[in-house]
Amino acid sequence: MEPLLIEGTAKTPNVRFDGSQGLVEIKGRSIPENSIEFYKPLVDWLDRYAQNPKQTTKVNIQLEYFNTSSSKCILDVFKKLEVIHKANKEVVINWYYEEDDEDMLEAGEDYESIIRIPFKMIEIV
Amino acid sequence: MSFNIDDFFSHLNNSDVVLSFKGNITSEIINNILESIENKFVELNEDGKVRKKMYNVLVECLQNLYHHIEDIPHDLTGMNDNKFGMVVIIRNGTGYKITTGNFVSSGKIKPLKDKIDKINSLSQDELKDMYKFILNHQKLTAKGGGGLGLVDIARKTGNKFEYAFQNVSTDYYFFKLDIYVS
(Lines give C-alpha, C1' and ligand atoms only; values in the text may rest on other atoms or scores of the structure.)
Protein backbone atom coordinates (compact mmCIF):
# COMPACT_ATOMS: atom_id res chain seq x y z
CA MET A 1 0.00 0.00 0.00
CA GLU A 2 1.04 3.56 -0.67
CA PRO A 3 2.71 5.36 2.23
CA LEU A 4 0.98 8.45 3.62
CA LEU A 5 3.35 11.37 3.85
CA ILE A 6 2.21 14.83 4.97
CA GLU A 7 4.47 17.81 5.56
CA GLY A 8 3.91 19.65 8.82
CA THR A 9 2.59 23.22 9.02
CA ALA A 10 2.29 25.74 11.89
CA LYS A 11 -0.96 24.05 12.93
CA THR A 12 -0.66 20.48 11.68
CA PRO A 13 1.92 17.76 12.29
CA ASN A 14 4.33 15.90 10.07
CA VAL A 15 2.88 12.50 9.17
CA ARG A 16 4.80 9.44 8.02
CA PHE A 17 2.77 6.26 7.69
CA ASP A 18 4.74 3.56 5.89
CA GLY A 19 3.07 0.17 5.55
CA SER A 20 6.14 -1.61 4.17
CA GLN A 21 8.10 -0.69 7.30
CA GLY A 22 5.16 -0.96 9.69
CA LEU A 23 5.82 2.63 10.74
CA VAL A 24 3.23 5.11 12.02
CA GLU A 25 4.69 8.47 12.92
CA ILE A 26 3.10 11.81 13.90
CA LYS A 27 5.39 14.66 14.87
CA GLY A 28 5.05 18.36 15.55
CA ARG A 29 2.05 20.57 16.35
CA SER A 30 -1.54 19.52 16.04
CA ILE A 31 -3.72 22.55 16.72
CA PRO A 32 -6.07 22.97 13.72
CA GLU A 33 -9.52 24.50 14.35
CA ASN A 34 -11.10 21.57 12.56
CA SER A 35 -9.12 18.44 13.19
CA ILE A 36 -11.54 15.97 11.57
CA GLU A 37 -10.59 17.28 8.15
CA PHE A 38 -6.89 16.69 8.84
CA TYR A 39 -7.17 13.30 10.56
CA LYS A 40 -9.67 11.60 8.24
CA PRO A 41 -7.05 10.41 5.72
CA LEU A 42 -4.88 9.13 8.59
CA VAL A 43 -7.70 7.08 10.09
CA ASP A 44 -8.73 5.79 6.64
CA TRP A 45 -5.13 4.74 5.91
CA LEU A 46 -4.92 2.85 9.22
CA ASP A 47 -8.22 1.15 8.43
CA ARG A 48 -6.68 -0.29 5.28
CA TYR A 49 -3.36 -1.09 6.96
CA ALA A 50 -5.17 -2.96 9.76
CA GLN A 51 -6.45 -5.48 7.22
CA ASN A 52 -2.95 -6.72 6.55
CA PRO A 53 -0.54 -5.27 9.11
CA LYS A 54 3.13 -6.11 9.63
CA GLN A 55 4.06 -8.49 12.45
CA THR A 56 5.29 -5.43 14.35
CA THR A 57 3.97 -1.90 13.97
CA LYS A 58 6.13 0.84 15.41
CA VAL A 59 4.26 3.98 16.43
CA ASN A 60 6.07 7.22 17.21
CA ILE A 61 3.99 10.08 18.57
CA GLN A 62 6.06 13.18 19.22
CA LEU A 63 3.83 16.19 19.67
CA GLU A 64 4.95 19.59 20.81
CA TYR A 65 1.39 20.85 21.23
CA PHE A 66 -2.04 19.43 20.53
CA ASN A 67 -5.45 20.97 21.04
CA THR A 68 -8.58 19.33 22.43
CA SER A 69 -10.09 19.12 18.96
CA SER A 70 -7.12 16.94 17.90
CA SER A 71 -7.25 14.88 21.08
CA LYS A 72 -10.35 13.01 19.93
CA CYS A 73 -8.87 12.35 16.50
CA ILE A 74 -5.65 11.08 18.07
CA LEU A 75 -7.79 8.70 20.12
CA ASP A 76 -9.35 7.48 16.84
CA VAL A 77 -5.84 6.77 15.56
CA PHE A 78 -5.06 4.76 18.71
CA LYS A 79 -8.35 2.87 18.41
CA LYS A 80 -7.31 1.68 14.95
CA LEU A 81 -3.99 0.53 16.42
CA GLU A 82 -5.90 -1.27 19.16
CA VAL A 83 -7.64 -3.34 16.46
CA ILE A 84 -4.22 -4.45 15.17
CA HIS A 85 -3.06 -5.21 18.72
CA LYS A 86 -6.18 -7.31 19.37
CA ALA A 87 -5.44 -9.32 16.23
CA ASN A 88 -2.30 -10.55 18.02
CA LYS A 89 0.14 -8.40 16.09
CA GLU A 90 2.70 -6.42 17.99
CA VAL A 91 2.10 -2.68 18.34
CA VAL A 92 4.89 -0.67 19.97
CA ILE A 93 3.82 2.82 20.95
CA ASN A 94 6.51 5.37 21.73
CA TRP A 95 5.06 8.51 23.30
CA TYR A 96 7.63 11.30 23.30
CA TYR A 97 7.47 14.31 25.60
CA GLU A 98 9.86 17.14 26.23
CA GLU A 99 11.76 17.38 29.48
CA ASP A 100 9.54 18.91 32.20
CA ASP A 101 6.41 18.73 30.02
CA GLU A 102 4.28 16.95 32.60
CA ASP A 103 1.09 17.84 30.74
CA MET A 104 2.26 15.92 27.66
CA LEU A 105 3.35 12.94 29.77
CA GLU A 106 -0.04 12.94 31.49
CA ALA A 107 -1.80 13.12 28.12
CA GLY A 108 0.05 9.96 27.09
CA GLU A 109 -1.01 8.25 30.30
CA ASP A 110 -4.64 9.24 29.64
CA TYR A 111 -4.54 7.53 26.24
CA GLU A 112 -2.75 4.50 27.61
CA SER A 113 -5.48 4.00 30.21
CA ILE A 114 -8.21 4.21 27.56
CA ILE A 115 -6.80 1.97 24.85
CA ARG A 116 -4.97 -0.68 26.87
CA ILE A 117 -1.81 -1.02 24.82
CA PRO A 118 1.31 -0.33 26.90
CA PHE A 119 3.01 2.95 26.01
CA LYS A 120 6.72 3.54 26.16
CA MET A 121 7.12 7.05 27.61
CA ILE A 122 10.25 8.66 26.23
CA GLU A 123 11.57 11.91 27.63
CA ILE A 124 13.39 14.10 25.11
CA VAL A 125 16.26 15.76 26.91
CA MET B 1 -24.95 53.09 32.41
CA SER B 2 -25.11 51.25 29.12
CA PHE B 3 -22.46 48.79 28.04
CA ASN B 4 -19.72 50.21 25.86
CA ILE B 5 -17.37 47.75 24.25
CA ASP B 6 -14.54 50.24 23.70
CA ASP B 7 -14.59 51.44 27.29
CA PHE B 8 -14.65 47.87 28.45
CA PHE B 9 -11.69 46.97 26.25
CA SER B 10 -9.57 50.00 27.15
CA HIS B 11 -10.25 49.41 30.83
CA LEU B 12 -8.62 45.98 30.48
CA ASN B 13 -5.57 47.40 28.75
CA ASN B 14 -3.24 48.59 31.46
CA SER B 15 0.53 48.73 31.61
CA ASP B 16 1.03 45.02 32.20
CA VAL B 17 -0.59 44.03 28.92
CA VAL B 18 1.42 41.53 26.93
CA LEU B 19 -1.01 41.21 24.06
CA SER B 20 -4.52 42.40 23.26
CA PHE B 21 -6.89 41.97 20.37
CA LYS B 22 -10.50 42.71 19.58
CA GLY B 23 -12.32 41.97 16.34
CA ASN B 24 -13.20 39.04 14.14
CA ILE B 25 -11.78 35.78 15.46
CA THR B 26 -10.74 33.99 12.29
CA SER B 27 -8.32 31.15 11.75
CA GLU B 28 -5.72 33.62 10.42
CA ILE B 29 -6.14 35.90 13.43
CA ILE B 30 -5.58 32.92 15.71
CA ASN B 31 -2.34 32.16 13.82
CA ASN B 32 -1.21 35.77 14.21
CA ILE B 33 -1.99 35.92 17.92
CA LEU B 34 -0.17 32.64 18.58
CA GLU B 35 2.83 33.80 16.61
CA SER B 36 2.96 37.13 18.48
CA ILE B 37 2.77 35.46 21.86
CA GLU B 38 5.61 33.10 20.95
CA ASN B 39 7.73 36.07 19.90
CA LYS B 40 6.76 37.89 23.06
CA PHE B 41 7.89 34.97 25.22
CA VAL B 42 11.27 34.94 23.50
CA GLU B 43 11.54 38.69 24.13
CA LEU B 44 10.58 38.24 27.79
CA ASN B 45 12.89 35.23 28.09
CA GLU B 46 9.98 33.37 29.64
CA ASP B 47 10.49 30.01 31.32
CA GLY B 48 9.90 27.04 28.99
CA LYS B 49 7.33 25.42 31.22
CA VAL B 50 5.23 28.58 31.54
CA ARG B 51 5.57 29.18 27.80
CA LYS B 52 4.18 25.76 26.96
CA LYS B 53 1.32 26.03 29.41
CA MET B 54 0.38 29.50 28.20
CA TYR B 55 0.50 28.45 24.56
CA ASN B 56 -1.72 25.43 25.20
CA VAL B 57 -4.23 27.42 27.23
CA LEU B 58 -4.28 30.27 24.73
CA VAL B 59 -4.96 27.87 21.83
CA GLU B 60 -8.00 26.52 23.70
CA CYS B 61 -9.22 30.02 24.63
CA LEU B 62 -9.01 31.27 21.06
CA GLN B 63 -10.54 28.16 19.56
CA ASN B 64 -13.34 28.24 22.13
CA LEU B 65 -14.12 31.74 20.88
CA TYR B 66 -13.80 30.60 17.27
CA HIS B 67 -16.20 27.69 17.73
CA HIS B 68 -18.77 29.35 19.99
CA ILE B 69 -19.06 32.95 18.88
CA GLU B 70 -22.63 33.72 17.88
CA ASP B 71 -23.76 35.98 15.08
CA ILE B 72 -24.80 39.14 16.82
CA PRO B 73 -26.93 41.92 15.33
CA HIS B 74 -24.62 44.67 14.04
CA ASP B 75 -26.55 47.46 15.72
CA LEU B 76 -25.61 45.91 19.03
CA THR B 77 -21.85 45.99 18.60
CA GLY B 78 -21.72 48.95 16.23
CA MET B 79 -19.22 46.89 14.30
CA ASN B 80 -19.19 44.79 11.20
CA ASP B 81 -17.40 41.94 12.89
CA ASN B 82 -19.84 39.06 13.02
CA LYS B 83 -17.30 36.78 14.72
CA PHE B 84 -16.52 39.41 17.32
CA GLY B 85 -14.41 38.46 20.29
CA MET B 86 -11.63 39.87 22.39
CA VAL B 87 -8.60 38.61 24.21
CA VAL B 88 -6.29 40.43 26.60
CA ILE B 89 -3.21 38.87 28.15
CA ILE B 90 -1.77 40.51 31.24
CA ARG B 91 1.35 39.68 33.22
CA ASN B 92 0.27 38.86 36.70
CA GLY B 93 3.21 38.50 39.07
CA THR B 94 5.08 35.40 37.97
CA GLY B 95 2.13 34.22 35.86
CA TYR B 96 -0.43 35.55 33.43
CA LYS B 97 -4.09 36.37 33.27
CA ILE B 98 -5.96 35.75 30.03
CA THR B 99 -9.27 37.56 29.67
CA THR B 100 -11.60 36.66 26.82
CA GLY B 101 -14.85 38.37 25.94
CA ASN B 102 -17.70 37.65 23.57
CA PHE B 103 -21.42 38.31 23.17
CA VAL B 104 -23.86 35.57 24.07
CA SER B 105 -27.62 35.33 23.69
CA SER B 106 -29.48 35.15 26.99
CA GLY B 107 -30.50 31.53 26.39
CA LYS B 108 -26.87 30.43 26.42
CA ILE B 109 -26.09 31.87 29.84
CA LYS B 110 -27.47 29.11 32.02
CA PRO B 111 -25.76 26.15 30.30
CA LEU B 112 -22.49 28.08 30.17
CA LYS B 113 -22.70 29.15 33.81
CA ASP B 114 -23.60 25.60 34.88
CA LYS B 115 -20.66 24.18 32.98
CA ILE B 116 -18.13 26.62 34.46
CA ASP B 117 -19.50 26.26 38.00
CA LYS B 118 -19.31 22.49 37.66
CA ILE B 119 -15.69 22.62 36.44
CA ASN B 120 -14.78 25.08 39.21
CA SER B 121 -16.18 22.70 41.82
CA LEU B 122 -14.04 19.72 40.73
CA SER B 123 -10.69 18.54 42.07
CA GLN B 124 -7.78 17.78 39.73
CA ASP B 125 -8.56 14.04 39.87
CA GLU B 126 -12.22 14.67 39.08
CA LEU B 127 -11.23 16.91 36.17
CA LYS B 128 -8.99 14.16 34.84
CA ASP B 129 -11.89 11.68 34.98
CA MET B 130 -14.24 14.17 33.33
CA TYR B 131 -11.71 14.85 30.57
CA LYS B 132 -11.21 11.16 29.87
CA PHE B 133 -14.94 10.50 29.88
CA ILE B 134 -15.69 13.26 27.36
CA LEU B 135 -12.68 12.24 25.26
CA ASN B 136 -13.86 8.66 25.05
CA HIS B 137 -17.63 9.12 24.82
CA GLN B 138 -18.51 12.34 23.07
CA LYS B 139 -18.35 12.91 19.33
CA LEU B 140 -16.73 15.97 17.80
CA THR B 141 -19.18 18.54 16.52
CA ALA B 142 -19.25 19.30 12.81
CA LYS B 143 -17.33 22.50 13.54
CA GLY B 144 -14.59 20.52 15.25
CA GLY B 145 -15.24 21.53 18.84
CA GLY B 146 -15.08 18.75 21.34
CA GLY B 147 -16.56 20.18 24.55
CA LEU B 148 -13.17 19.60 26.15
CA GLY B 149 -11.66 23.08 25.97
CA LEU B 150 -12.64 24.42 29.38
CA VAL B 151 -11.96 21.11 31.14
CA ASP B 152 -8.52 21.01 29.56
CA ILE B 153 -7.78 24.62 30.59
CA ALA B 154 -8.85 23.89 34.18
CA ARG B 155 -6.62 20.80 34.29
CA LYS B 156 -3.61 22.56 32.86
CA THR B 157 -3.84 25.74 34.94
CA GLY B 158 -5.03 24.16 38.19
CA ASN B 159 -6.88 27.44 38.82
CA LYS B 160 -10.55 28.39 39.05
CA PHE B 161 -12.29 30.41 36.34
CA GLU B 162 -13.68 33.84 37.12
CA TYR B 163 -16.46 35.15 34.92
CA ALA B 164 -19.17 37.75 34.52
CA PHE B 165 -22.14 38.34 32.27
CA GLN B 166 -22.91 41.96 31.57
CA ASN B 167 -26.29 42.87 30.16
CA VAL B 168 -26.09 44.57 26.76
CA SER B 169 -29.68 44.43 25.53
CA THR B 170 -32.83 42.42 26.24
CA ASP B 171 -31.51 39.38 24.45
CA TYR B 172 -27.75 39.71 24.68
CA TYR B 173 -25.05 39.68 27.30
CA PHE B 174 -21.30 40.21 27.18
CA PHE B 175 -19.47 37.23 28.63
CA LYS B 176 -16.10 37.88 30.24
CA LEU B 177 -13.89 34.99 31.28
CA ASP B 178 -10.68 35.30 33.34
CA ILE B 179 -8.13 32.50 33.25
CA TYR B 180 -5.12 32.49 35.53
CA VAL B 181 -1.98 30.72 34.41
CA SER B 182 0.68 30.46 37.09
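**Helix 7 of chain B and its surroundings**

Reader: Which elements do the buried residues of helix 7 of chain B pack against?
Author: They pack against helix 2 and helix 3 of chain A. Within chain B, the partners are helix 3 (48–68), helix 5 (106–121), helix 6 (124–137) and strand 5 (172–181). Please note that this is a predicted model.

Reader: Which residues of that helix are buried, then?
Author: In helix 7 of chain B, the buried residues are Gly149(B), Leu150(B), Val151(B), Asp152(B), Ile153(B), Ala154(B), Arg155(B), Lys156(B) and Thr157(B). That is nine of the nine residues of the helix (149–157), so the rest of the structure largely encloses it.

Reader: And what comes just after helix 7 of chain B?
Author: Gly158(B) follows, with a positive phi of about 70°.

Reader: How many residues does each chain bring to the contact between A and B?
Author: Chain A brings 18 residues and chain B brings 23 residues.

Reader: What else does helix 2 of chain A lie across?
Author: Helix 2 of chain A lies across strand 3, strand 4 (56–66) and strand 5 of chain A. Relative to strand 4 of chain A, the helix runs at about 170°.

Reader: What is the strand order in the sheet of chain A?
Author: The sheet is open, has six strands in the order 1-2-3-4-5-6, and shows mixed pairing. Strand 1 and strand 6 (119–124) of chain A are the edge strands, each pairing on one side only. From one strand to the next, the twist averages 15°.

Reader: Which pairs run antiparallel or parallel?
Author: Strand 1 (4–6) and strand 2 of chain A run antiparallel and are joined by three bridges. In that pair, Ile6(A) has Val15(A) as its bridge partner. Strand 2 and strand 3 (23–30) of chain A are also antiparallel, with five bridges, and there Arg16(A) is partnered by Glu25(A). Strand 5 (90–98) and strand 6 of chain A run parallel over six bridges, and Asn94(A) has Lys120(A) as its partner.

Reader: How many residues lie between the strands in the hairpin of strand 2 and strand 3 of chain A?
Author: There are four residues between the strands, and Gly22(A) in this hairpin takes a positive phi near 65°.

Reader: Which residues of strand 2 of chain A are on the covered face and which on the uncovered one?
Author: Val15(A) and Phe17(A) form the covered face, while Asn14(A), Arg16(A) and Asp18(A) form the uncovered one.

Reader: Changing topic, how many residues has the largest nonpolar core?
Author: This core has 64 residues, and those with the most contacts inside it are Val57(B), Leu58(B), Cys61(B), Leu62(B), Val87(B) and Ile98(B). Helix 3 of chain B gives the most to the core, with eight residues.

Reader: What is Ile98(B) in contact with?
Author: Neighbours within four places in sequence aside, Ile98(B) is in contact with Val57(B), Leu58(B), Cys61(B), Val87(B), Ile89(B), Ile179(B) and Val181(B).

Reader: Finally, what are the scores of the model?
Author: The ipTM is 0.93 and the pTM is 0.92. For chain B, the average pLDDT is 89, and 92% of the residues score at least 70.

Notes:
Residues numbered from 1 in each chain as written. Chains lettered and ligands numbered in written order. Predicted model: local features only at pLDDT ≥ 70, side-chain atom pairs only at ≥ 80, totals over all residues. Contact = placed C-beta atoms within 7 Å. Buried ≥ 20, exposed ≤ 12 C-beta atoms within 10 Å, placed from the backbone. Helix = DSSP H or I, 4+ residues; strand = E, 2+ residues; numbered from the N terminus. pLDDT = per-residue confidence, 0-100. Pairing = 2+ DSSP bridges. Core = buried A, V, L, I, M, F, W, Y, C linked by C-beta atoms within 7 Å. Axes fitted to C-alpha atoms, helices over the stretch in contact; angles between N-to-C directions.
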